Amino acid sequence: MAEILPEHDALDAALALLAAGEVVAIPTETVYGLAADATSGAAVARIFETKRRPRFNPLIAHVSGLDMAERHGLFDPLSRRLAQRFWPGPLTLVVPKRPQSPVHPLVTAGLDTLAMRHPRGFGERLIAAFGRPLAAPSANSSGRVSATTAVHVAADLGSRIRLIVDGGPTPVGVESTIVKVEGGTLRLLRPGGIAAADIEAEAGCPLLRGAAAGLEAPGMMRSHYAPRAAIRLDAREVAAGEALLAFGPRRAAHAERAVATINLSGTGDLREAAANLFAAMQALDGSGASTIAVEPVPAAGLGEAINDRLRRAAAPREPEEGRR
């Protein structure tokens with residue numbers, strides 16, 4: 001089983017494992033990440049092996065700042081301005097990859113673009129000390145619920161990795177927002193921890209939703225973030241034997257039937273709901289219920305990211321062999 005170390009004691013151990021081509025589970029402000037040297041094909045392959053992740057799904061390269069990012073990607077003026085405004089933080093920018101960048105092609109899944117983010121906290125310190133970008137998708141089996149605590153990582157991946165760095169519960173609780181500048185347009189490839197309206201305010205232009213074509217960034221597969229239980233969205237009533245993922249002060253009809261209930265935010269605070277989402281899904285998945293009924297969540301602000309994760313969790317599941 002993996003060793004769990006508090007982040008203030010874990011830097012040297014994490015650096016040694018990364019240098020040896022191993023993977024390390026680390027806290028970020030969004031969710032826990034499964035980190036490896038982004039310039040090593042063998043190390044990146046170990047991420048895929050550990051997560052049982054499809055090879056065609058690209059990864060985010062995490063950097064310690066804009067200086068490192070610009071050594072690996074070509075930043076247009078708008079992408080650079082967004083990085084200066086929102087980094088470090090939960091924003092991922094997809095930019096053309098520099099031909100001379102040593103980031104391995106497995107990270108980009110064969111694309112000529114590179115998704116990059118500058119995280120806060122332990123991840124930032126680790127990358128700066130390591131001196132190279134870290135590929136770091138969420139630290140969970142592919143397609144399953146993202147981990148927001150070290151305990152969640154250990155329950156899922158503890159037998160497959162050697163070190164989990166414990167930074168406590170992640171404060172944002174959903175993955176980063178992913179955007180891409182294409183010509184004169186700005187595309188939202190994945191909603192996340194920064195609301196689209198905040199990005200639009202800085203950019204001075206609207207965000208177009210979705211990729212122009214194909215799988216351009218992580219988290220775009222139809223079925224993703226899924227617990228083992230089925231997900232039933234926009235539940236107005238609860239059936240016998242279901243678990244209930246609640247939101248706000250008012251309950252769905254027959255809420256007393258639920259075998260377990262967790263409220264994402266009793267006051268209807270979307271930031272609190274985002275931070276609690278994956279942990280709540282993990283807990284309800286452990287209740288034994290075959291279905292989790294989900295009360296409606298408003299789509300405004302961070303509600304867009306919450307509803308995106310819930311829709312993907314509720315989508316028809318990919319066959320197990322398709323996730324390997």
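Residues are called buried under 20% relative accessible area, exposed over 50% and partly exposed in between, with a 1.4 Å probe and protein chains only. By this scale Ala305 is buried, because its relative accessibility is 1%. The model is predicted, and local features need pLDDT of at least 70, side-chain atom pairs count only at pLDDT 80 or more, and totals for chains, interfaces and linings use all residues. Residues are numbered from 1 along each chain as its sequence is written, and side-chain values use heavy atoms, with hydrogens and water left out.

Ala305 belongs to helix α10, residues 303–314. Helices (H or I, at least four residues) and strands (E, at least two) are DSSP runs numbered from the N terminus. With neighbours within four places in sequence set aside, Ala305 is in contact with Pro191 and Gly192, contact being defined as heavy atoms within 4.5 Å. The C-alpha atoms of Ala305 and Arg187 are separated by 15 Å, and these two residues are 118 residues apart along the chain.

Two packed helices are described by the angle between their axes and the distance between the axes. Axes are lines fitted to C-alpha atoms, for helices over the stretch in contact, and angles run from 0 to 180 degrees between N-to-C directions. Helix α10 packs with helix α9 (residues 270–285), their axes coming within 9 Å and crossing at roughly 20 degrees. α9 is therefore roughly parallel to α10; angles under 35 degrees count as roughly parallel, over 145 as roughly antiparallel, 65 to 115 as roughly perpendicular and the rest as oblique. On the α9 side the contact is made by Leu270, Ala273, Ala274, Leu277, Phe278 and Met281, and on the α10 side by Gly303, Ile306, Arg309, Leu310 and Ala313. These comprise nine nonpolar, one polar and one charged residues. In this classification Ala, Val, Leu, Ile, Met, Phe, Trp, Tyr, Cys and Pro are nonpolar, Asp, Glu, Lys and Arg are charged, and the others, Gly among them, are polar.

Helix α1 (residues 11–19) and helix α6 (residues 122–130) have axes 10 Å apart and pack at about 55 degrees. These helices, α1 and α6, are therefore oblique to each other, and their crossing is right-handed. Leu11, Ala14, Leu15, Leu18 and Ala19 of α1 make the contact with Phe122, Arg125, Leu126, Ala129 and Phe130 of α6. Nine of the contact residues are nonpolar, none is polar and one is charged.

For helix α4 (residues 77–86) and helix α8 (residues 196–203), the packing angle is about 120 degrees and the axes are 10 Å apart. This angle makes α4 oblique to α8, with a right-handed crossing. The α4 residues Leu78, Arg81, Leu82, Arg85 and Phe86 meet Asp198, Ile199, Glu202 and Ala203 of α8. The contact of α4 with α8 contains five nonpolar, no polar and four charged residues.

Leu82 and Trp87 touch the most other members of the largest nonpolar core, which has 65 residues. A nonpolar core is a set of buried Ala, Val, Leu, Ile, Met, Phe, Trp, Tyr and Cys residues joined through side-chain atoms within 4.5 Å. Beyond four places in sequence, the contacts of Trp87 include Val63, Leu66, Phe75, Leu82, Leu93 and Met116. The peptide bond from Trp87 to Pro88 is cis, with omega near -10 degrees, and Pro88 lies in the loop between α4 and β5 (91–96).

In helix α2 (residues 41–51) the buried residues are Gly41, Ala43, Val44, Ile47, Phe48, Thr50 and Lys51. Elements covering them include β3 (33–37), α5 (105–108), β7 (134–135) and α7 (150–157). Arg52 follows α2 and has a positive phi, near 55 degrees.

Most residues other than glycine have a negative phi, and most peptide bonds are trans. Asp234, which is not a glycine, has a positive phi of about 50 degrees; Asp234 is placed in the loop between β12 (230–232) and β13 (243–246). Its relative accessibility of 46% makes Asp234 partly exposed. His254 also has a positive phi, of about 60 degrees, and lies in the loop between β13 and β14 (261–263). At 33% relative accessibility, His254 is partly exposed.

Definitions and conventions
Left-handed = near helix turned anticlockwise from the far one by under 90°.
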